[in-house]
Amino acid sequence: MVQTTQAPPQGDPNHSPHEAVDLAQTPAGRTVRRIGHGGVFVPADPDAPEDPKDSTATLMPRTEAAVRRDLREHRFDATTSFDYLLRDLAREFPDAHLPVGERVAATRDALMRLGAGMIEAPAPAPGAPPAPAAPPRDSTIPSIYTYWGQFIDHDITLNTNGPDDGSGAHGDQALGDVVNDPFRVFEPDVVRRSLHNGRIPLLDLDSLYGSGPRFAGEKDRGTTRSEAAYVPDSAKLRLGRIGTEPFGPFSLVAPGDDPQRDLPRSTEAGSERMPLIPDSRNDENLIVAQFHVAMIRFHNAVVDWVARHEPWFAVTPRELFDRAQELVRFHYQWLVVNDYLRTLTKAGVLDSVLATGPTLFRPARRVSMPLEFAVAAFRFGHSMVRGAYDFNVNFTGNGPGGVASLDLLFRFTGNGGLSPNPANPSPALPSNWPVEWPRLTDKGDPLAFRMARKIDPFLADGLGHLLNEGNTAPEPVKALLKQLAQRNLLRGYMLAIPTGEAVAAELRARPLTPAQLRQNASPEVVAALDALDGTPLWYYVLKEAEVQGNGNFLGEVGSRILAETFVYLLRLDPESFMRRPGGDWTPAYGVRFEDGRLITTISDLLAFAGVFPIGQDDAGAPLFRRNGDGYAGHDGA
């Protein structure tokens, strides 16, 4: 079935129809909790308490009500919009897309088979015959880029979706999900109108800061629960504590006397262990949680640097916070472009987009997220996820805990109970579990096991059965919610994402041949592709990376979509580093290490934050950056 409802007319395309309540222009109300991997926000708790520190609602009531109104009336006041990067292809629906109409059921079946074939087979059970040797799947990309990408995604995208109740003024209130029966494919106009983003996609780190702290006399600030993540009367963000004593066979993770290495967590009854951060999705696995910890510590370290080196910005806590936040955002955004994108995209593509400016995205509302990016291309990171990691001194190949499996990384989170046994949860992250970032960041590391998996259409076994997803759903819905590849493929189909071939032709990129799309694929995947009239864009981007970059960087189509999207969003934001007077902000204008060194890589940022060693002492032990008597990045509480 194909939805054919026409979109209602819009007013000024660059603005919300009701500017007086346009929360899309501010991070107010952006705090979200209890959202899992790939999850969606459905407003459902209008009676939540107003006190930010006591509320366990996903959003505060005022924002809940605004989001409900957005969905009901097809407005974009508390939410921002999605749109198509390639509007000409959207206008050609369904000619540039997978088949619709009578072929929806057959296409859905082929996508389900394709998704099943993309997940690698699980390891043989003990005592079973060994499986045939698989080709190496290690890339040359350090593993941190997998989870840095996840952090970026959570900062710019939150789908506010839910079941279609038919109450919308012009059709669907929301589009529902891929588990709906019957499965439906929606026309592009309906997708634009019905799909809402609970994030401002401007890389402004609202997932770190929420609405910011509230200082004395600032009655109009601090409207979300994010105040709970701030040190009272301070410009610093709060941190959680871990133990500093070893236990069992495990060693302390250097530096062992640093307790501030967990997310701040609630101790309130009913919400124990929940992270006091503006987006709980950053606590869905331990690596992204530790990345969020590093960002908190980087902010705190920048606060200390500004107080020491730019005291004219530290006259009041508000001035100190605002300056530190500006520097953190600039450094982060500069690194997204000059480290993250340069590592993961094909050489020359980013420089071309920077030189000419983004030329593709012309959305109806300027603050929008491209669907080809959010639903397909940027999901390339799923293929980079390993089934296990060389995580720290305890969880490594010859460590007492063995390698850190994906399952364990999901368990040592708030939702997982911070414990290997959900029946016996822990109140805080145990002392044997902080990450050792050098194991996940070194581009020259000779140990291939420390790298991300290749960007290709082969996903780790753990992504075929997500630990924290769909556990309360009935079968067979539960199985689909836990199977990441099938969900991605069906979602792209449902939301009218054009085929990879159509996108390549529109971008004048070198197209993949049918033989290239099928090389190294299993018979099941080949059969599924043969049953499709076109290639899903997500699969195409992954296969292009395998063919054109040997899995070590994205190909032409994937690279162009990423570069166009990020440069568009950064140039759209009047407060980004690209919009500074002169447009020439570089790390030379930011914070520096004590020896004058600049922050030019993600490892530099981690080192400045005090969570990555800056050297070794005479005995060979790692040294970490300090601030006075404590480690850099501490919250001072």
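Q: Under what relative accessible area is a residue called buried?
A: In this predicted model, the relative accessible area sorts residues into buried, partly exposed and exposed. Over 50% is exposed, and partly exposed lies in between. Buried means under 20%.

Q: What share of the 637 residues of the protein counts as buried?
A: The protein has 20 helices and 14 strands. It exposes about 24100 Å². Of its 637 residues, the buried share is 59%.

Q: What average pLDDT does the protein have?
A: A pLDDT of at least 70 is reached by 80% of the residues. Over residues 1-39 the pLDDT is below 50. It also stays under 50 over residues 464-482. The protein's average is 84.

Q: How far apart are the end C-alpha atoms of helix α7?
A: Helix α7 covers residues 286-309, which is 24 residues.

Q: How many of the 24 residues of α7 are buried?
A: At the start of α7, a side-chain oxygen of N285 comes within 3.1 Å of the backbone nitrogen of I287. The helix is mostly covered. Of its 24 residues, the number buried is 21.

Q: Which residue forms a salt bridge with R297?
A: R297 lies in helix α7. Its partner sits in the loop between α6 and α7, so the pair ties together parts that are 39 residues apart in sequence. The closest N and O atoms are 2.8 Å apart, and the partner is D258.

Q: How many residues apart in sequence are the parts that R386 and D138 tie together?
A: R386 forms a salt bridge with D138, with the closest N and O atoms 2.6 Å apart. R386 lies in the loop between α10 and β8, and D138 lies in strand β3. The pair therefore ties together parts whose separation in residues is 248.

Q: Is D138 buried or partly exposed?
A: Buried means under 20% relative accessible area. R386 is buried at 7%. D138 has a relative accessible area of 26%, so D138 is partly exposed.

Q: Which residue forms a salt bridge with D279?
A: The closest N and O atoms of this pair are 2.7 Å apart. D279 lies in the loop between α6 and α7, and its partner in the loop between β6 and α6, so the pair ties together parts 80 residues apart in sequence. Both residues are buried. The partner is R199.

Technical notes: Residues numbered from 1 in each chain as written. Heavy atoms only, no water. Helix = DSSP H or I, 4+ residues; strand = E, 2+ residues; numbered from the N terminus. Buried < 20%, exposed > 50% of the residue type's maximum accessible area, 1.4 Å probe, protein only. Areas by Shrake-Rupley, 256 points an atom, 1.4 Å probe, with all protein chains shown as cover. pLDDT = per-residue confidence, 0-100. Contact = heavy atoms within 4.5 Å. Expected span 1.5 Å × (residues − 1). Polar contact = N/O pair within 3.5 Å; in protein donor to acceptor, adjacent residues only side chain to side chain. Salt bridge = Lys/Arg side-chain N within 4 Å of Asp/Glu carboxyl O.
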